[in-house]
Amino acid sequence: MNSTPRTEPARVGTPATRVFGLLAVLFLGWVVVGGLFITPADAIQGDSVRIMYVHVPTAWVAYLAFIVTAIASAGYLFGKRHSLGFDRVAGASAEVGVLFMALTLMSGSLWGRLTWGTFWQWDPRLTTTAFLFVTYLGYLAVRGLGGTPERRAKRSAILALLAVLEIPLVHFSVLLWRSLHQEASVLSSDGDVKLDDLMLFTLLVGVLGFTALYGWLVSHRQRILTMRDIEEAKGIDLAISERIAEGSVR
Amino acid sequence: MDLSPRETNVSPAPRVRKRQWRYVALLLVVAVAGIVVVSQFLTSAIDYYCNVDEIGVKEGCDPDRRIRVQGTVEEGSVKEVLGATMFTLEFNGEKLAVAYEGDPGGIFQECIPVVAHGRLNGDTFEANRIEVRHSNEYVAENSERVEKAEKAGCSMITG
Amino acid sequence: MKDVGFIALTYVVTFGAIIAIVARTLITGSRLSKKIPDQDKPWI
């Protein structure tokens with residue numbers, strides 16, 4: 001039996017992912033240039049406000065990623081066909097969400113040192129965010145525990161549907177408890193946008209850029225997970241056929 | 001056909017098993033981290049969070065225990081005395097004198113809301129930790145609004 | 001610019017991590033794609 005892999009052109013990207021990639025490069029390019037050199041400093045916070053242009057969008061993308069993970073997990077669990085495609089989207093989205101949540105915690109910690117005077121404080125917003133991050137790290141660990149793709153999909157889908165319930169708790173923690181963290185500036189409870197125009201523009205461009213990057217990453221990583229499953233299934237098929245061949249010789 | 005267990009191993013099982021152990025280890029780390037996060041949150045909640053006007057009034061804000069006090073730094077009250085920072089916190093018309101060993105850091109300044117951690121000693125709150133709260137409002141430096149606020153004093157800066 | 005070290009560190013770590021993950025995704029995708037025939041790729 002010929003076990004040498006067939007050489008095929010390396011194709012993971014599609015026109016849609018290329019559009020995501022292009023938008024991400026354009027918008028994130030503005031975030032770097034505009035955020036660092038063009039937008040004004042804040043009257044009270046000074047230049048440290050520039051950290052907001054990466055902190056807020058990465059937090060938004062992390063929330064989005066975990067919500068998509070939950071929706072895709074529900075699609076797997078409650079769908080008639082129990083399609084593994086949903087499971088792979090859930091897994092890919094959680095991977096990207098964990099990355100962005102880590103970046104949110106890092107940038108928030110540095111911003112906190114400059115404004116609050118401390119890198120970390122066990123206050124409601126920070127603690128619930130850290131707990132959310134730890135929960136999704138656990139989700140990724142559970143995905144890697146082995147078993148058939150169907151078993152992996154089922155156990156991780158149940159966990160994802162439970163974990164997503166933490167997101168409202170994180171978002172509203174600054175309203176529910178007294179927190180060091182400020183309330184939302186764009187989606188504030190009184191509906192007012194409390195940002196200078198150019199700051200707001202750069203923040204929104206950042207949100208679009210990081211969202212486009214999320215789209216690119218999830219599309220690619222979901223395809224990688226599909227190819228990994230195929231590769232592993234082929235490995236198992238190969239092992240079984242070798243065993244059968246071995247048994248026939250004996 | 002003989003399908004009994006054999007000694008030689010052609011399947012990728014050992015590699016997969018090794019990878020699985022890595023995930024089990026990660027899961028253990030995650031569980032420990034989760035416990036640490038929750039326990040730290042509960043431990044830090046021991047310092048009760050009170051506004052200046054709630055000291056001695058609200059349950060948990062007793063003057064003889066360690067608390068966290070929130071208020072706005074009164075305009076013109078910040079003084080440096082022998083390496084210590086002295087200032088007055090105010091909230092809802094109530095005032096509290098605060099003494100902090102050293103420089104609070106962050107964007108500490110007059111007219112800004114802060115949280116002081118410490119204990120009341122007589123009439124002075126002795127803080128060993130100061131954190132600056134900032135509002136959710138962002139205004140460009142040198143804008144007309146800032147100039148107006150500076151002329152008007154504390155009330156407009158803190159919103 | 002005040003606080004330049006912290007701000008620079010934030011941008012370097014954020015965009016450095018993004019570039020690293022994008023590069024890793026492209027390399028892994030390309031390696032796996034060579035092993036898997038096109039008919040097994042539903043996105044093509």
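Predicted model: local features only at pLDDT ≥ 70, side-chain atom pairs only at ≥ 80, totals over all residues.
Residues are numbered from 1 along each chain as its sequence is written, while chains are lettered from A and ligands numbered from 1 in the order in which they are written.

Entry on chain A. I counted seven helices and zero strands in chain A (DSSP runs numbered from the N terminus: helices are H or I, at least four residues; strands are E, at least two). Along the sequence the pattern reads α-α-α-α-α-α-α. The C-alpha atoms of chain A fill a box of roughly 80 × 40 × 35 Å along the principal axes. Of its 250 residues, 47% count as buried (20 or more other C-beta atoms within 10 Å of the residue's own, with C-beta atoms placed from the backbone).

Entry on chain B against chain A. I found 42 residues of chain B in contact with 44 residues of chain A. Helix 1 (13-44) and strand 7 (124-132) of chain B each give two or more residues to the side that touches chain A. Helix 1 of chain B gives the most, with 14 residues.

Entry on chain C against chain A. I found 29 residues of chain C in contact with 34 residues of chain A.

How values were computed. Contact = placed C-beta atoms within 7 Å. Buried ≥ 20, exposed ≤ 12 C-beta atoms within 10 Å, placed from the backbone.
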